[in-house]
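Trainee: I have a structure to read and would like to learn how to go about it. Please show me what to look at.

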Amino acid sequence: MKPSLTGPRPATAHHPATAHHAPRRRPGVLDVRREGPLLHIGLNSPATGNAVTETMLDELLTVLAVPDPDVRVLVLSGAGDDFCLGGDRGEFADWLDEDPTGRGIRIAGDKARRVCEAISTSQAVTIARVQGKAIGAGLALALACDLRVGAENAGFRLPELALGLPTAWGGLLPRLIHEVGAARARELILTGRAFDAAEAHALSILQRVVPEDRLDAAVMEWAKPVVRRPEAALRVTKALLNSYAAPTRLADPTVLDAELMATVAAATRRR
């Protein structure tokens with residue numbers, strides 16, 4: 001159960017709620033809950049390790065497409081043991097079976113870019129709450145957030161190259177280079193090796209590492225002061241941070257991610 005910004009609340013059979021801020025439930029693979037100025041978005045497909053599907057991307061786009069100006073903090077989390085095990089490989093293979101040119105991959109890839117862009121450019125401060133594994137697309141979703149806290153058991157990996165794919169999902173590559181540096185990004189991508197929470201912290205992929213039972217408390221330690229900031233100052237500061245970060249990326253051709261992913265996947269399948 002996530003701690004409340006509004007004090008103790010009576011529990012229901014599912015999520016706690018107040019009379020003023022009842023949970024909003026969505027069908028499908030997201031658990032979306034509004035709590036005053038804080039919005040929780042939970043990837044809610046634990047049986048698949050919260051693997052990213054087109055349905056999940058569609059639901060994320062629906063939630064993120066029309067931002068609520070009263071939301072000051074957006075928390076992205078994953079249900080179950082893992083934050084997100086990456087893209088759904090079965091769905092990926094089905095797309096190639098249906099259209100060997102990779103049209104389905106292009107469509108989903110464009111949605112992935114829009115989702116990550118919406119998270120990174122949100123007026124709200126975005127926080128990734130990471131436990132277990134964050135692999136491939138899962139790492140991209142976390143990296144799109146402003147602040148990232150991970151459990152001590154968190155683990156990360158970028159396996160795309162071993163799967164015959166480029167690292168081109170959701171604008172991951174320029175964000176990774178910007179956050180960790182080109183040399184370290186190169187090593188992580190080319191080797192595809194796993195790395196733990198301590199190394200992720202040293203690389204600034206995580207800004208904080210805590211025991212898993214302290215994850216919610218750590219999120220709230222960031223969220224509580226943020227929601228007290230004046231709205232205009234917070235909004236402009238977020239815009240400034242995004243603006244000043246962009247030039248240091250040198251190039252950000254993320255609009256090509258979907259095309260690159262589809263082209264390479266189709267070529268690999270033919271071979």
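Mentor: What follows goes from the chain as a whole to its sheet, cores, helices and some single residues.

Mentor: This is a predicted model, in which local features need pLDDT of at least 70, side-chain atom pairs count only at pLDDT 80 or more, and totals for chains, interfaces and linings use all residues. Residues are numbered from 1 along each chain as its sequence is written, and side-chain values use heavy atoms, with hydrogens and water left out.

Trainee: How many helices and strands are there in the protein chain?

Mentor: Helices (H or I, at least four residues) and strands (E, at least two) are DSSP runs, numbered from the N terminus. The protein chain has ten helices and nine strands.

Trainee: What percentage of the residues in the protein chain is buried?

Mentor: Buried means under 20% relative accessible area, exposed means over 50%, and partly exposed lies in between (1.4 Å probe, protein chains only). Of the 271 residues in the protein chain, 49% are buried. Contact means heavy atoms within 4.5 Å. Among contacts between residues at least 6 apart in sequence, 71% join residues at least 24 apart.

Trainee: In what order do the strands of the open sheet stand?

Mentor: Strands of a sheet pair through backbone hydrogen bonds, either parallel or antiparallel. Here two strands pair if DSSP finds at least two bridges between them. Six strands form the open sheet, in the order β1-β2-β3-β4-β6-β9, with mixed pairing. β1 (30-35) and β9 are at the edges with a single partner strand each, so one side of each has no neighbour in the sheet. From one strand to the next, the twist averages 20°.

Trainee: Which bridges join β3 to β4, and what are the partners of β6?

Mentor: Strand β3 (residues 73-78) runs parallel to β4, and four bridges join them. Leucine 76 is opposite alanine 128 in β4. Strand β4 (residues 125-130) also pairs with β6 in the parallel sense, over four bridges; there, isoleucine 127 has leucine 147 of β6 as its bridge partner. β6 in turn pairs with strand β9 (residues 208-210), in the parallel sense and over three bridges. Valine 209 in β9 is the bridge partner of glycine 150.

Trainee: Is strand β6 mostly covered or mostly uncovered?

Mentor: Strand β6 (residues 147-151) is mostly covered, with four of its five residues buried.

Trainee: Which residues have the most contacts inside the largest nonpolar core?

Mentor: A nonpolar core is a set of buried Ala, Val, Leu, Ile, Met, Phe, Trp, Tyr and Cys residues joined through side-chain atoms within 4.5 Å. The largest one has 56 residues, and Ile41, Leu141, Phe156, Trp169, Leu176 and Ile205 have the most contacts inside it. A second, separate core has 17 residues, among them Val125, Leu215, Trp222 and Leu234.

Trainee: At what angle do the axes of α5 and α6 cross?

Mentor: Axes are lines fitted to C-alpha atoms, for helices over the stretch in contact, and angles run from 0 to 180 degrees between N-to-C directions. The axes of α5 and helix α6 (residues 182-191) cross at roughly 125° and come within 7 Å. Angles under 35 degrees count as roughly parallel, over 145 as roughly antiparallel, 65 to 115 as roughly perpendicular and the rest as oblique. α5 is therefore oblique to α6. Leu173, Leu176, Ile177 and Val180 of α5 make the contact with Ala182, Arg184, Ala185 and Ile189 of α6. In helix α5 (residues 172-180), the buried residues include Leu176 and Val180. Glycine 181, with a positive phi near 100°, follows α5.

Trainee: Where is lysine 238, and is this residue buried or exposed?

Mentor: Lysine 238 is in helix α9 (residues 231-248). Lysine 238 counts as buried because its relative accessibility is 4%. Setting aside neighbours within four places in sequence, the contacts of lysine 238 are Ser120, Ser122, Gln123, Ala124, Val125 and Asp146.

Trainee: What is the phi of asparagine 50 and of serine 204?

Mentor: Asparagine 50 is not a glycine, yet has a positive phi of about 55°. Asparagine 50 is in the loop between β2 (38-43) and α1 (54-65), and at 0% relative accessibility counts as buried. Serine 204, also not a glycine, has a positive phi near 70°. Serine 204 is in the loop between α7 (197-202) and β9, and counts as partly exposed at 37% relative accessibility.
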